[in-house]
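Biologist: I have this one open on my screen now. Can you walk me through it, starting with the ligand?

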Amino acid sequence: MAGFERHLADELEAVREAGLWRELRRIESIQSNRVTIEGREYLNFSSNDYLGLAAHPALGQAAKDAVEHFGVGSGASRLVCGSLGPHHELEAALADWLGAESALVFSSGFAAAQGALMSLLGQGDVVILDKKSHASMIDAAKLSGATLRVFRHNDLENLEQRLQWAAEQGGRVLVATETVFSMDGDRALLAKIVELKDRYGAWLMLDEAHALGCHGAGGSGLAKRLAKRVEIRMGTLGKAVGAAGGFICGSRGLVELLVNKARSFIFSTAPSPAVSASAVAGVKLVRGEEGESLREQLWQRVEELRRGVESLGWGVPAEPSAILPLIVGSEAKAMAMMGQLREAGFFIPAIRYPTVARNEARLRVTVSASHSSDDVQALLQALARCEI
Ligand SMILES: *Cc1c(COP(=O)(O)O)cnc(C)c1O
């Protein structure tokens, strides 16, 4: 025991010294534009609940109804006896919303990425990722056993070099990227990436985690209009949809393969029926009139924030998204700025290595349809007063 505890202490000391210490903050309030921590209320600009659906009564009601009918636990994995009505309903709703033949729900987006890459690739294959890909995709790529190659963020020439190299290896080749990048809020150059992967006979997987609900007709994301040319689309139900879980959608064959091969699907207990039923309600809301009006509010707030932040001298991504990174550079500066904003009553965690590259530490501001114009103005005033 003593040796083990010493090891832990050494590791933790190294984390602290690098300025990368992390700890949990206990939140005692409902998920919304305000959070209460240790009795103090903060304006929350850190959530991925972009449409404010996480605490929507329709999602709560759907969960209650599902608990009444199915109970809380799903009891087993989907292939044993856990494949319940709400899972099937959710998969049908996702396929219909996203214009896919079929969809498969996982317990998280993280598990969905793992299931897909591990089912599709193995030794002798190549997976090519954008440099800014999410940890779930990087880990999935590593676990698949395929050779991992990275191309510079949104650099298509560099992607083409990787594709040329990969084509010579003789195995299958898969390119994966995000449609809206989680920490930068910028977008992949989708049309050109699709053209390139087709030219080289590679497959494409697109992670729509931060596009769903916000972008595209009915909030259906940025990849739908290219659906016929994209082999694999993935998303999460825990961000704009307001519930939890992840999914893959594509052809019937893709889903059948995952049901038969995806270890994170086969060997994991099915999501709670309550959560999947809430996700069905979330998808319905996102697609409908209420979703449309929430998106309008979201984009108004995004515009207000972008204008304000630009006039304070910060750069903003070329295209608007609900994610606005304020890149400050060093880890210490980001922590100092987070502290000042916290003092002023704003909850915006600093994002540091390894979530982003070293010396690209930032405050990741996220806007929600549930913010008011006054909330955004208050944040801009606090930012103007920050000293870094
Ligand atoms: C959040 C996220 C995931 C993982 O989804 P979870 O359902 O939270 O596990 C995958 N990719 C990206 C880009 C994400 O931001």
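Biologist: How do the residues of the shell around the ligand divide into nonpolar, polar and charged?

Modeller: The shell holds three nonpolar, eight polar and three charged residues. Keep in mind that this is a predicted model.

Biologist: Which residues come nearest to the ligand?

Modeller: There are 14 residues around the ligand, and G109, D207, H210, T236 and K239 come nearest.

Biologist: What does the side chain of H210 do there, and how far is it from an oxygen atom of the ligand?

Modeller: An N or O atom in the H210 side chain sits 2.5 Å from a ligand oxygen. For K239, the distance between a side-chain N or O atom and an oxygen atom of the ligand is 2.6 Å. D207 faces a nitrogen atom of the ligand instead, with a polar side-chain atom 2.6 Å away.

Biologist: And how much of the ligand does the protein bury?

Modeller: The protein buries 84% of the 370 Å² that the ligand exposes when taken alone.

Biologist: Which elements give two or more residues to that shell?

Modeller: Helix 5 (109-120) and strand 8 (232-236) do.

Biologist: Changing topic. What does the domain assignment give for the chain?

Modeller: Domain 1 is made of two segments, 21-50 + 289-385, and domain 2 runs over 57-287. Their centres, taken over C-alpha atoms, are 26 Å apart.

Biologist: How many residues does the contact take from each domain?

Modeller: Domain 1 gives 23 residues and domain 2 gives 20 residues. Between them the two domains bury about 1,600 Å², and 53% of that is on carbon and sulfur atoms.

Biologist: I was also looking at R187. Where is its place?

Modeller: R187 is in the loop between strand 6 (173-178) and helix 8 (190-199). A polar atom of the R187 side chain lies 3.2 Å from the backbone oxygen of P320.

Biologist: What else does R187 touch?

Modeller: Leaving out residues up to four places away in sequence, R187 touches N154, T179, V180, F181, H215, L222, E319 and P320.

Biologist: Last topic, the backbone. Which residues does a cis peptide bond join?

Modeller: Y353 and P354, with omega at about 5°. P354 is in the loop between strand 12 (350-351) and strand 13 (361-366).

Biologist: And E38, is its phi positive or negative?

Modeller: Positive, near 45°, and E38 is not a glycine. E38 lies in the loop between strand 1 (34-37) and strand 2 (40-44).

Biologist: Why point those two out?

Modeller: Because most residues other than glycine have a negative phi, and most peptide bonds are trans.

Key:
Residues numbered from 1 in each chain as written. Predicted model: local features only at pLDDT ≥ 70, side-chain atom pairs only at ≥ 80, totals over all residues. Heavy atoms only, no water. Near = heavy atom within 4 Å. Polar contact = N/O pair within 3.5 Å; in protein donor to acceptor, adjacent residues only side chain to side chain. Areas by Shrake-Rupley, 256 points an atom, 1.4 Å probe, with all protein chains shown as cover. Helix = DSSP H or I, 4+ residues; strand = E, 2+ residues; numbered from the N terminus. Nonpolar A, V, L, I, M, F, W, Y, C, P; charged D, E, K, R; others polar. Domains from an automatic or database assignment. Contact = heavy atoms within 4.5 Å. Buried area = accessible area lost by both parts, 1.4 Å probe.
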